[in-house]
Amino acid sequence: MEQKALILVVEDEDKIRTALTDFLEFHGFGVTEAADGMEADRAAAAGRFDLILLDLMLPKISGEQLCRKWRRDGMQTPIIMLTAKGREKERVSGLNLGADDYITKPFSLEELLARINAVLRRTDPGRAVGQTFEFGDLDVDIAALKIKRREKEIEITRREAGIIQHFAANPNRVISREELYKEVWNETMSELGTRTVDMHIAKLRSKIERDAADPQIIKTVRGAGYKHES
Ligand code: CA
């Protein structure tokens with residue numbers, strides 16, 4: 001049996017916290033609760049979690065401070081922030097601080113579950129291939145967003161890193177644009193999605209392929225998508 005994913009739920013409002021815990025446990029997650037920032041920090045230091053649900057407005061230490069501290073300390077556990085409605089600034093700063101996603105209160109539990117599963121899926125390839133790995137004739141360092149070919153260093157964006165991770169974790173398999181868009185962008189496919197994926201692949205190829213016109217690391221499979229052979 002697959003091991004339960006463990007979630008740290010950080011929320012100071014008792015009713016919401018209890019409801020979240022019940023719901024997540026019902027759906028097969030293991031849950032640890034924290035009712036304020038101090039508790040959360042202690043729990044995060046003591047345990048290993050697959051994901052953290054982090055309320056932004058917390059007593060003692062705010063969610064924002066926590067997120068910043070954890071990322072500064074090198075913690076890579078995915079974080080979904082719970083933000084209050086209409087606080088656009090919070091969202092933006094939450095994502096800048098290193099949260100993986102955010103959800104605005106009030107939210108439906110079904111929506112939250114979908115987000116949790118999407119984040120866990122998205123972070124899985126990273127775990128599967130680790131933070132540093134070989135990709136074609138390149139050495140990839142995901143945390144540093146850097147790629148090396150011999151002594152030449154190439155900088156990549158977080159999105160490009162996500163694309164590389166997905167290919168590296170799924171070698172020798174045709175990956176459709178739809179799959180890539182779902183896994184890397186966490187979006188359902190649309191016409192815009194097709195263009196977005198193709199544009200990012202083209203840009204990435206210009207960075208990593210020796211000859212972008214004849215790509216060897218990420219190949220095109222006509223009518224089907226892309227493939228990385230290893
Ligand atoms: Ca709160």
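Q: What makes D55 count as buried or exposed in this predicted model?
A: D55 has 3% relative accessibility. Buried means under 20%, so D55 counts as buried.

Q: And why is D12 called partly exposed?
A: Its relative accessibility is 27%.

Q: How do you know which residues are the protein donors of the calcium ion?
A: Look at the distances: D12 (OD), D55 (OD) and M57 (O) lie 2.1 to 2.3 Å from the ion. For Ca the cut-off is 3.2 Å, so these atoms count as donors. In sequence, the donor residues are spaced D-x42-D-x1-M. D12 sits in the loop between strand 1 (6-10) and helix 1 (14-26), while D55 is in strand 3 (residues 51-55), 43 residues apart, so the pair links distant parts of the chain.

Q: Why is helix 7 called roughly perpendicular to helix 8?
A: Helix 7 (residues 177-185) and helix 8 (residues 191-208) pack at about 80 degrees, with axes 9 Å apart. Angles of 65 to 115 degrees count as roughly perpendicular, so the label holds for this pair. By class, their contact has five nonpolar, four polar and two charged residues.

Q: What makes strand 6 and strand 9 the edge strands?
A: The open, antiparallel sheet runs in the order 6-7-8-9, and strand 6 (132-135) and strand 9 (152-155) each pair on one side only.

Q: How do you know that strand 8 and strand 9 pair?
A: Pairing takes at least two bridges, and strand 8 (residues 146-149) and strand 9 have four, so they pair, in the antiparallel sense. K148 has E153 in strand 9 as its bridge partner.

How values were computed
Residues are numbered from 1 along each chain as its sequence is written. This is a predicted model: local features need pLDDT of at least 70, side-chain atom pairs count only at pLDDT 80 or more; totals for chains, interfaces and linings use all residues. Side-chain values use heavy atoms; hydrogens and water are left out. Donors are N, O and S atoms within 2.8 Å of the metal (3.2 Å for Na, K and Ca); water is not among the atoms, so sites may look incomplete. Helices (H or I, at least four residues) and strands (E, at least two) are DSSP runs, numbered from the N terminus. Buried means under 20% relative accessible area, exposed over 50%, partly exposed in between (1.4 Å probe, protein chains only). Axes are lines fitted to C-alpha atoms, for helices over the stretch in contact, and angles run from 0 to 180 degrees between N-to-C directions. Angles under 35 degrees count as roughly parallel, over 145 as roughly antiparallel, 65 to 115 as roughly perpendicular and the rest as oblique. Ala, Val, Leu, Ile, Met, Phe, Trp, Tyr, Cys and Pro count as nonpolar, Asp, Glu, Lys and Arg as charged, and the others, Gly among them, as polar.
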